[in-house]
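Okay, everyone, thanks for coming. Let me put the model up on the screen and then we'll walk through it.

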Amino acid sequence: MSTETEQTQASSITSPPAIITRQLRFCWPGQANAPSFPDIELNQGEHLFLHGPSGTGKSTLLGLLAGMLAPDSGSVELLGQALTNLKPGARDRFRANHMGVIFQQFNLVPYLSALANVTLPCRLSPIRRARTDSGPDAAAANLLRQLAIPESHWHQGVTRLSIGQQQRVAAARALIGAPEIILADEPTSALDADNRDRFLDLLLTLAEQRRCSVVFVSHDRALSSHFHHQLALGGEA
Ligand SMILES: Nc1ncnc2c1ncn2[C@@H]1O[C@H](COP(=O)(O)OP(=O)(O)OP(=O)(O)O)[C@@H](O)[C@H]1O
């Protein structure tokens with residue numbers, strides 16, 4: 001069996017799709033039937049807008065893509081790696097190396113500064129660290145500057161930032177070290193329309209500069225035109 005590093009090197013030559021899912025089903029405790037999810041095929045550098053009414057499984061699907069949930073049946077293949085075949089520890093390493101996740105509740109580490117939150121993926125992944133040309137601190141500073149977080153806030157505890165600023169710190173943490181895949185769960189829900197559009201433009205511009213694929217969950221159909229593809233859950237058109 002080849003190692004992840006060998007497969008990643010092979011991937012860069014043949015560029016397999018960023019994401020392929022087939023016949024995914026997942027049942028939460030208490031759910032009568034395991035809902036099935038539509039198949040996804042997303043090439044590297046492409047962006048997918050995932051929408052649908054509340055409770056239709058958008059966050060669950062992101063959890064399956066991130067390898068945080070294991071499907072009852074079906075498969076997830078990311079960058080040519082069958083995620084569903086990896087043991088939990090290997091899945092965690094794969095996520096740290098190749099994915100940036102922006103959670104609905106941000107999941108920032110409350111006792112760390114904004115800067116330390118952003119550099120965290122580089123401490124967990126040598127691959128992400130190696131992709132920051134001038135080092136994690138400089139890369140984090142660059143992202144925080146691009147995301148308009150005032151320098152006076154970089155060394156403050158992250159809980160002292162506004163909700164909109166925390167969202168942007170979470171985006172910077174997802175982008176650092178140029179992971180190939182970014183999963184974003186309603187990252188603009190707390191922002192007003194102007195800040196939402198600015199945030200989205202910036203996220204997609206930074207993702208494009210780094211050739212990241214983005215899967216972006218939102219209720220807000222007005223955002224869909226920013227994305228290459230759309231996928232509806234729950235029978236929405
Ligand atoms: N931790 C959990 N334990 C049990 N059931 C869960 C859990 N998380 C989600 N569910 C159930 O799974 C279904 C899909 O939830 P999910 O959060 O994936 O939907 P969603 O489309 O992301 O909703 P929203 O737009 O409100 O965030 C819901 O019926 C929900 O109750």
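Predicted model: local features only at pLDDT ≥ 70, side-chain atom pairs only at ≥ 80, totals over all residues.

Residues are numbered from 1 along each chain as its sequence is written.

So, the overall picture. The chain has 8 helices and 9 strands, taken as DSSP runs numbered from the N terminus (helices H or I, at least four residues; strands E, at least two). Its radius of gyration is 17 Å, close to the 18 Å from the globule rule for 237 residues, so the chain is as compact as a globular protein of that length. That radius is over C-alpha atoms, and the rule is 2.2 Å times the number of residues to the power 0.38.

Now the helices. Axes are lines fitted to C-alpha atoms, for helices over the stretch in contact, with angles from 0 to 180 degrees between N-to-C directions. How do H4 and H6 pack? At an angle of about 125 degrees, axes 9 Å apart, with H6 being residues 136–146. H4 and H6 are therefore oblique to each other. On the H4 side, Ala114, Leu115, Val118, Thr119 and Cys122 meet Pro136, Asp137, Ala140, Leu143 and Leu144 of H6; contact means C-beta atoms, placed from the backbone, within 7 Å.

Next pair: H4, residues 114–124, against H7, residues 163–175, at about 30 degrees with axes 7 Å apart. That makes H4 and H7 roughly parallel, therefore. Ala114, Asn117, Val118, Leu120 and Pro121 of H4 touch Val169, Ala172 and Arg173 of H7.

Last, the ligand: around it sit Trp28, Pro29, Gly52, Ser54, Gly55, Thr56, Gly57, Lys58, Ser59 and Thr60, each with its C-beta atom, placed from the backbone, within 6 Å.

Technical notes. Parallel < 35°, antiparallel > 145°, perpendicular 65-115°, else oblique. Contact = placed C-beta atoms within 7 Å.
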